[in-house]
Amino acid sequence: MIDTDILVVGAGPAGLSAAAEAARHGARVTVVDENEKPGGQLFKQIHKFFGSRRHRAGVRGFDIGYALLDEVKSLGVEVMLDTVCYGIFPEGVGLVVSGKRDVLVEPRRIVLATGASENPLCFPGWTLPGVVGAGAVQTMINVHRVPVGERVLMVGSGNVGLIVSYQLLQSGAQVVGIVEALPKVGGYGVHAAKVRRAGVPIYTSHTVVSALPNSDNTRVKAAVIARLDENMSPIPGTEKELDVDTIAIAVGLTPMTELAFIAGAAFTYSGLLGGHIPLHDEDLMTTVEGLYVAGDVSGVEEASTALEEGRLAGVAAAASLGKIPEVEAEEKKREIRESLRDLRTGPFGDARARAKEEIVNEMAKRRGKRSA
Amino acid sequence: MLERDGYLEIEEIERIPGFPGREALSRKKVAILECAQEIPCDPCEAACPRGAITVGSRITNLPAIDPERCTGCGTCVARCPGLAIFVIDLTKPDHDVVTMPYEYLPLPEAGQEVACLDRRGAMLGSGRVKRISTAKANDRTAVVTVEVPKGLGMEVRAIRVNGRVLAGELEGVKEPSKEGLLPQGPEDPDDMLICRCEEVTRKEIIEAIREGAVTVDAVKRRTRAGMGLCQGRNCGKTVSRLIAEELGKPVSSVPPASKRPPVRPVKLSVFAAGEDVPDDDK
Ligand SMILES: Cc1cc2nc3c(=O)[nH]c(=O)nc-3n(C[C@H](O)[C@H](O)[C@H](O)COP(=O)(O)OP(=O)(O)OC[C@H]3O[C@@H](n4cnc5c(N)ncnc54)[C@H](O)[C@@H]3O)c2cc1C
Ligand code: SF4
Ligand code: SF4
């Protein structure tokens with residue numbers, strides 16, 4: 001049995017910063033992650049992060065990961081890698097360590113910081129070798145340093161599609177184009193401009209209609225793309241066939257909420273934030289007492305917001321255990337919420353701010369009903 | 001247009017506060033911040049040792065350049081994670097000079113001839129590398145200063161080194177043939193797999209929905225879609241979308257699939273062993 005005050009599931013930016021904040025205030029914290037390396041998404045990110053200086057913007061993703069890890073270690077947090085959390089039960093939290101040891105933990109608080117998983121896209125040929133998720137591409141080229149292919153079509157122009165395209169170019173692959181179903185580029189203009197000036201065309205209002213196989217059906221040989229009309233249907237006669245051996249899919253992420261579901265948390269829906277999301281309050285606590293969510297699992301956003309949400313959940317969880325005097329805790333939470341509000345402004349952030357607010361309001365309404 | 005095409009037109013640049021102004025450009029070397037969207041980002045502000053860049057109190061403000069304070073030192077170029085800052089000098093009589101960030105290999109050498117590309121990646125002519133800085137403070141972003149043909153200082157934003165083509169260019173693109181359509185693809189969309197773990201096709205799922213399986217769980221019970229190794233993490237969203245399409249309802253109205261532990265595949269022997277594993281296994 002592992003004895004700990006707070007169990008954090010997921011060692012990405014949200015989980016690590018939650019752990020650091022709680023440990024700083026004297027809570028005993030254990031972080032588990034299924035990977036052999038901590039850092040979550042950060043370790044795949046070789047580019048310099050945007051964001052605020054306070055969130056280490058301008059620093060490369062993996063360097064942010066190393067810094068966070070040093071911080072939690074120096075605060076005495078136990079980080080258990082290669083450890084899967086497979087369920088949350090009335091008797092405790094189930095972990096499998098190194099694929100073989102089943103361990104039950106009874107923490108007093110749980111912070112879920114499990115991140116998000118990639119959405120698939122189904123089109124004829126999508127099961128052919130050579131059709132891969134953009135996240136998998138990153139793991140291959142940036143972590144394991146193996147090429148995915150020579151000529152790549154990227155599907156999706158959100159920040160993930162744009163950044164992974166750029167990293168593919170850096171790795172020596174040719175990116176023949178980026179298709180985007182919407183009439184405008186989804187990600188930040190600065191990321192789009194980087195790949196554009198290298199010569200990558202961005203086909204807005206286009207989608208991939210099929211992947212064509214090579215003669216022995218072992219690999220993608222070409223992608224067929226087509227222009228979309230206002231109803232998002234391909235316009236016959238606008239097809240283009242692109243010679244590619246790889247089609248990378250970057251069409252959004254879905255919060256990995258299974259553990260919250262199993263624990264019995266109530267859910268709400270936000271298309272903008274990635275789908276079904278555990279309802280949570282201003283402290284990021286779900287409808288299950290003592291169960292918190294932070295980072296992409298509470299709505300897909302960015303590393304900078306994940307770091308702040310992690311801090312918020314860490315402070316809230318530690319405060320609920322009496323580790324932080326109430327006045328001080330409230331002051332801290334207020335400061336973090338302000339910084340989150342600041343990060344959620346501008347044309348990209350405003351809508352997210354509203355979506356997040358709606359979740360908190362729905363939670364408040366639900367509580368009101370309960371107590372009424 | 002930035003939103004549609006992914007790059008800024010000159011007219012768009014002239015309207016943002018990161019543009020130093022034609023007058024300043026005509027008389028001095030100065031930084032230009034091609035950052036036109038209110039994104040949460042601000043490292044440029046602290047990067048400038050002369051206080052020439054201001055973002056201000058709201059992190060999403062557009063960065064503004066003060067051309068009078070800017071000396072064109074180039075410190076800010078490698079600090080911008082968006083690689084959106086350039087220093088340009090249009091004052092030389094026989095060429096313009098552009099300083100830009102460069103994050104590809106091989107790096108060019110001083111004196112080397114390189115191809116000059118514009119914001120769309122189109123070739124504009126050739127230039128010569130005047131200087132390249134790989135200072136430690138730049139954290140692996142090289143800063144390259146290139147002499148470009150006179151009149152192109154506001155156009156050149158990338159270089160091609162040793163002829164290495166970065167993007168796929170447009171070679172290998174086949175437009176629709178005269179007859180119209182290209183071969184549609186390897187398979188009938190109906191035979192396409194939606195759940196690849198359990199090999200369930202689109203047709204089987206649609207049929208299940210039409211027979212009344214209108215939740216992800218009901219489709220799963222009827223077709224096994226989502227019962228495989230990935231636990232529905234792959235197909236779940238597609239199945240919800242198909243249900244929504246068939247019912248003519250928004251996806252938000254389709255309840256999430258129920259999840260059961262273990263959320264990841266776990267070998268049964270792990271549970272059998274319990275917590276008391278022999279010492280040699282620890
Ligand atoms: C290509 C790309 C570029 C990006 N660029 C930027 C950028 O420039 N700036 C920025 O601010 N953001 C950026 N982001 C976004 C950022 O990386 C994410 O928003 C952030 O990592 C989310 O943090 P997180 O801690 O919530 O989740 P993650 O970083 O995803 O971490 C979650 C961790 O939990 C683990 N886990 C999940 N389930 C379990 C379980 N059951 N048991 C054990 N462990 C589990 C996962 O394996 C993972 O390690 C980028 C993302 C991508 C994909
Ligand atoms: S070029 Fe130098 S002086 Fe000008 S804005 Fe950049 S850092 Fe400041
Ligand atoms: S650092 Fe670059 S991307 Fe960020 S605000 Fe400044 S100019 Fe824009």
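A:Gly346 counts as buried because its relative accessibility is 3%, where buried means under 20% relative accessible area, exposed over 50% and partly exposed in between, found with a 1.4 Å probe and protein chains only. This glycine sits in helix α9 (residues 346–371) of chain A; helices (H or I, at least four residues) and strands (E, at least two) are DSSP runs numbered from the N terminus. Apart from neighbours within four places in sequence, A:Gly346 is in contact with B:Glu38 and B:Thr60, contact being heavy atoms within 4.5 Å.

The model is predicted, so local features need pLDDT of at least 70 and side-chain atom pairs count only at pLDDT 80 or more, while totals for chains, interfaces and linings use all residues. Residues are numbered from 1 along each chain as its sequence is written, chains are lettered from A and ligands numbered from 1 in the order in which they are written, and side-chain values use heavy atoms, with hydrogens and water left out.

Chain B as a whole comes next. Its secondary structure comes to eight helices and twelve strands. Of the 282 residues in chain B, 49% are buried. Its accessible surface is about 13700 Å², and carbon and sulfur atoms account for 51% of that area; such areas come from the Shrake-Rupley method with a 1.4 Å probe, and for residues only the protein chains shown count as cover. Among the contacts in chain B between residues at least 6 apart in sequence, 55% join residues at least 24 apart.

One strand of chain B, β6 (residues 113–117), is mostly covered, with four of its five residues buried. β6(B) pairs in the antiparallel sense with β7 (residues 123–133) of chain B over five bridges, and two strands pair if DSSP finds at least two bridges between them. Within this pairing, B:Cys116 has B:Gly125 in β7(B) as its bridge partner. The two strands form a hairpin with five residues between them, and B:Gly121 in the turn has a positive phi of about 85°. β6(B) also pairs with β9 (residues 158–160) of chain B, in the antiparallel sense over three bridges, and here B:Leu117 stands opposite B:Ala158.

Back in chain B, helix α7 (residues 236–247) has twelve residues and reaches 17 Å from its first C-alpha to its last, close to the expected 16 Å, which is 1.5 Å times one less than the number of residues. Its buried residues include B:Val239, B:Leu242 and B:Ile243. The buried residues of α7(B) pack against β11 (193–195), α5 (202–210) and α6 (216–223) of chain B. After the helix comes B:Gly248, with a positive phi near 65°.

Finally, two ligands can be described by their surroundings, a residue being near a molecule if one of its heavy atoms lies within 4 Å of it. Around ligand 2 there are 14 residues, of which B:Cys48, B:Cys70, B:Cys73, B:Gly74 and B:Cys76 come nearest. This shell divides into ten nonpolar, four polar and no charged residues; Ala, Val, Leu, Ile, Met, Phe, Trp, Tyr, Cys and Pro count as nonpolar, Asp, Glu, Lys and Arg as charged, and the others, Gly among them, as polar. Around ligand 3 stand B:Cys35, B:Cys41, B:Pro43, B:Cys44, B:Pro63, B:Cys80 and B:Pro81, a shell of seven nonpolar, no polar and no charged residues.
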